[in-house]
Amino acid sequence: MFKVRAKYLLLIAAAVWFLAGFNILRLGVLAIMEDVTPLWALIVGIPATFLVFHRMFSKLVGKHSDRIRGYGEDKMHVLRFFDVRGYILMAIMMGGGIALRAFGIFPSWFVAFFYTGLGAALALAGVGFFVHYVHRGGSITCPVTKKTRLA
């Protein structure tokens, strides 16, 4: 039950990562609009946060895309677009983010730039999974890091 062709796991990963990124990006933009965020935090913080997480997520996109393509089975469970470690990492990040915001540990200006940069990087990772789904064979060059890898 809940099985799809293995090639569609890349498409599912693209949708999940893009929607998660869009939602986090939305929370960052809402925090920018709700509070007076220092301009320096936006100018420096958003690109810095984006670049750190984009580098991390682009590696994960490549790793998970290779793993998904390596499945020999025709149909896989719909949740196999992540491995166990990926689900654990996702739970820690989501739980930590929710807890930090709920307890007000960080000021809203920090949430504004951090979530905006993080959300953009997550959404772009979703686009990366989609590119891997569409582009089978050859190589893909990241427009941000300029790194090339096989698709």
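A nonpolar core is taken here as a set of buried Ala, Val, Leu, Ile, Met, Phe, Trp, Tyr and Cys residues linked through side-chain atoms within 4.5 Å, where buried means under 20% relative accessible area (1.4 Å probe, protein chains only). The model is a predicted one, in which local features need pLDDT of at least 70 and side-chain atom pairs count only at pLDDT 80 or more, while totals for chains, interfaces and linings use all residues. Numbering runs from 1 along each chain as its sequence is written, and side-chain values use heavy atoms, leaving out hydrogens and water.

First, the overall layout. The chain has four helices and four strands, which are DSSP runs (helices H or I, at least four residues; strands E, at least two) numbered from the N terminus. Read along the sequence, the order is β-α-α-β-α-α-β-β. Of the 151 residues in the chain, 34% are buried.

Now for the core. The largest nonpolar core holds 27 residues, and Trp 17, Phe 57 and Phe 129 touch the most other members. Two or more residues come from each of α1, α2 and α4 (108-134), with α4 giving the largest share, nine residues. Leaving aside residues up to four places away in sequence, Trp 17 touches Phe 57, Leu 60, Phe 82, Leu 122, Ala 123, Ala 125, Gly 126 and Phe 129, a touch or contact being heavy atoms within 4.5 Å.

Then there is the helix pair. Helix α1 (residues 8-34) packs on helix α2 (residues 39-69) at an angle of about 165 degrees, their axes 12 Å apart. The two are therefore roughly antiparallel, a label for angles over 145 degrees. Residues making this contact include Leu 9, Leu 10 and Trp 17 of α1 and Leu 42, Ile 46 and Phe 57 of α2.

Key
Axes fitted to C-alpha atoms, helices over the stretch in contact; angles between N-to-C directions. Parallel < 35°, antiparallel > 145°, perpendicular 65-115°, else oblique. Buried < 20%, exposed > 50% of the residue type's maximum accessible area, 1.4 Å probe, protein only.
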